[in-house]
Amino acid sequence: MSKEEVLHEQYRVEGLVMYQKHCENCHQANGKGFKKLYPALVGTNLLKRVSDQEMIHMIKFGIKADANHEFMPGNKELQAIEIAEIVTYVKDLNGVKEGIVEQKEVSRVSQ
Amino acid sequence: MFNRFSLWVLMCLSLVWVSCEQEKSLPYLGPKETKEVNGKIDTIYHQIPDFKFLNQDSAWVSQKDLEGKIYVADFFFTSCPTICPKMKTQMLRIYQRYLNNPNIQLLSHSIDPTYDQPHVLKAYANRMEVDAKKWNFVTGKKEDIYKIGQKSYMVSAQEDPNESGGFVHSGAFILVDKHRHVRGIYDGTKEPEVNQLIEDIEILLHEK
């Protein structure tokens, strides 16, 4: 395994753990989603529709429905590294089997 | 002699056990009252009172719509980020299993009724691809919903600004029989408990 592959694997595995803790409740195991209520993250051309930055933004800040309600809650307690791992994992689910999303990309995304 | 006797005891016990197995019945939950009628003591079981809420089609749903039916009730809100998704995946299992049995109904109460107006509930139900004929999502006056939740269905349901999403509620599924008695309360976030609920629905279906 090359150094890059090891790094990808680390991020993927850590990302899976984080995903199970923070995302799976709604988006279900392996990103398969729940009906049309909680969108699937695989098989929906996610990476063509959403850039890394947009995905990071959604995870960090959520998606608002109105002042007090959210379609998707934000995760402001998550560290940059944790979001980087989640996005790497979700991209891996979508067939991106190499490379990682860097922490600094996450830190760059602001509200 | 002793051996024969213990064998006999064992047989009796196993007979009792077998007959218990065959006549499985569910308890009546909640406070009971006793009343004397013509010198006989009658037990009055806890009952869900009359209610009237608006569903996802902006139609009234009341105890009349559920008359003679077994139903499963729960408390949720559409923007709930915590346990509701788990509850809804489990409730959907019950929905699909009894899709063609009109005697089984589902009733989900919103505990965020000011936001969860019928059109919000409608969008939610549509996204789950479920039908109001079987599964009603209802909204109403906040105090009415909290009251029926706490007093009648015996679960916690109220506002709490410290909770994520702003409300605290249990993940309970409440099984109500044809006569509005509560016959079981289950953790709707756990698959094995919902399996038990389904087994108990089968028992109620065979009850006279």
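Which residue stands opposite B:Ala73 in β10(B)? Hold that thought, everyone, and I'll come back to it.

First, the ground rules. This is a predicted model, where local features need pLDDT of at least 70, side-chain atom pairs count only at pLDDT 80 or more, and totals for chains, interfaces and linings use all residues. Residues are numbered from 1 along each chain as its sequence is written, while chains are lettered from A and ligands numbered from 1 in the order in which they are written.

Let's start with chain B. Its secondary structure comes to five helices and 11 strands; helices (H or I, at least four residues) and strands (E, at least two) are DSSP runs numbered from the N terminus. Of the 208 residues in chain B, 35% are buried, where buried means that 20 or more other C-beta atoms, placed from the backbone, lie within 10 Å of the residue's own.

Now the sheet. Five strands form an open sheet in the order β7-β6-β5-β10-β11 of chain B, with mixed pairing; two strands pair if DSSP finds at least two bridges between them. β7 and β11 of chain B stand at the edges with a single partner strand each, so one side of each has no neighbour in the sheet. Direction ignored, neighbouring strands are turned by 20° against each other on average.

On the parallel side of things, β6(B) and β7(B) pair over four bridges, and B:His109 has B:Val138 in β7(B) as its bridge partner.

Back to my opening question: the residue opposite B:Ala73 is B:Ile174 in β10(B). Strand β5 (residues 70-76) of chain B pairs with β10(B) in the antiparallel sense over three bridges. β10(B) also pairs with β11 (residues 182-187) of chain B, again in the antiparallel sense, over five bridges. Here B:Phe173 has B:Tyr186 in β11(B) as its bridge partner. Those two strands, β10(B) and β11(B), form a hairpin with five residues between them, and B:Arg180 in the turn has a positive phi of about 65°.

Why is β10(B) largely enclosed by the rest of the structure? Five of the five residues in this strand (172-176) are buried, so that is how it ends up. B:Ala172, B:Ile174 and B:Val176 point one way, and B:Phe173 and B:Leu175 the other way.

Next, the helices on the sheet. α2(B) lies across β5, β6 and β7 of chain B, at about 165° to β5(B); axes are lines fitted to C-alpha atoms, for helices over the stretch in contact, and angles run from 0 to 180 degrees between N-to-C directions. α5(B) packs on the sheet too, touching β5, β6, β10 and β11 of chain B.

In α2(B), 10 of the 14 residues are buried, so this helix is largely enclosed by the rest of the structure. Among those buried residues are B:Cys84, B:Met87, B:Ile94 and B:Tyr95. They pack against several elements, including α2 (24-27) of chain A.

That brings us to the two chains together. Their contact takes 11 residues from chain B and 11 residues from chain A, with two residues in contact if their C-beta atoms, placed from the backbone, lie within 7 Å. On the chain B side, α2 (84-97) and α3 (118-128) each supply at least two residues.

Methods: A residue is buried if 20 or more other C-beta atoms lie within 10 Å of its own, exposed if 12 or fewer, and partly exposed in between; C-beta atoms are placed from the backbone.
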